Amino acid sequence: MSRKIVVITAGLSRPSSTRLLADRIADSVTTRVSARGEVATVEVIELRELAQDLAITMTTGGLATPAVHRARDLVTGADGLIAVTPVFSSSYSGLFKMFLDVLDTDAINGMPVIIAATAGTARHQLVLDYALRPVFTYLRAVVVPTGVFAATDDFGGSESGGSGLTSRIGRAASELAALIVAESGSVAGFIPESGDLSLALRRTSGTELDTDVTPFEQLLQGLDG
């Protein structure tokens, strides 16, 4: 069975340490999904290439450009998500937040997600827990326990024990792969009281029309004049 992994990367430069980290995580996830007997394909959304389209979408009342439309459909159709942002002013970047703001509120219901961030110094590593994890929890995604933070010193430097970047990436990738290929096809613990899993995991990109429309006559029922 083929699983689709979507990577969101908000790096601004080229080459970008943010993209480098995103690629390393994606490679590790695909390796671990393959080890479980399934195939994973990766789609990358470079937010720097969507900057103008995101601005247009935000300033036209949410009317998505074709590029934003495609990106939203990619995210909603994913089996798992890898979200990587540089740290600006002690939080995720504005470009990263703009993309999250144009997603439908049901875009990633129950979706397994790895959160990751890059910065010049390790002093920013708590951004994973005080900024990224809450926003994805608000969107009802299932964030894996291990977040991945990489400071400048983590790239090309020596690593020891389990504290190195490679170890963190591997641990997060294993957690995501386990959720993606779970035999139940669902995310543990994300089942509504009704027991109807389809309601919990219903995802909409915000670009398709809702076919479940209340008839106009029913809306007017009981009204006079």
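**Close-ups: a helix pair and a ring cluster**

**View 1. Where H1 meets H6.** Leu 21, Arg 24, Ile 25, Ser 28, Val 29, Arg 32 and Val 33 of H1 touch Leu 165, Thr 166, Ile 169, Gly 170, Ala 173, Ser 174, Leu 176 and Ala 177 of H6 (contact here is heavy atoms within 4.5 Å). Sorted by class, this H1–H6 contact has nine nonpolar, four polar and two charged residues (Ala, Val, Leu, Ile, Met, Phe, Trp, Tyr, Cys and Pro are nonpolar; Asp, Glu, Lys and Arg are charged; the others, Gly among them, are polar). The model is predicted: local features need pLDDT of at least 70, side-chain atom pairs count only at pLDDT 80 or more, and totals for chains, interfaces and linings use all residues. Numbering starts from 1 along each chain as its sequence is written, and side-chain values use heavy atoms, with hydrogens and water left out.

**View 2. How H1 and H6 cross.** H1 (residues 17–35) packs on H6 (residues 165–180) at about 50 degrees, and their axes are 8 Å apart. That makes H1 oblique to H6 (under 35 degrees is roughly parallel, over 145 roughly antiparallel, 65 to 115 roughly perpendicular, and the rest oblique).

View 3. Tyr 92 counts as buried at 19% relative accessibility, and so does Phe 96 at 1% (buried is under 20% relative accessible area, exposed over 50%, partly exposed in between, with a 1.4 Å probe and protein chains only).

**View 4. The ring cluster.** Ring pairs tie Tyr 92, Phe 96 and Phe 136 together. The structure has two aromatic pairs.

Notes
Axes are lines fitted to C-alpha atoms, for helices over the stretch in contact, and angles run from 0 to 180 degrees between N-to-C directions. Helices (H or I, at least four residues) and strands (E, at least two) are DSSP runs, numbered from the N terminus. Rings of Phe, Tyr and Trp (its six-membered ring) pair if their centres lie within 6.5 Å; planes under 30 degrees apart count as stacked, over 60 as edge-to-face and the rest as tilted.
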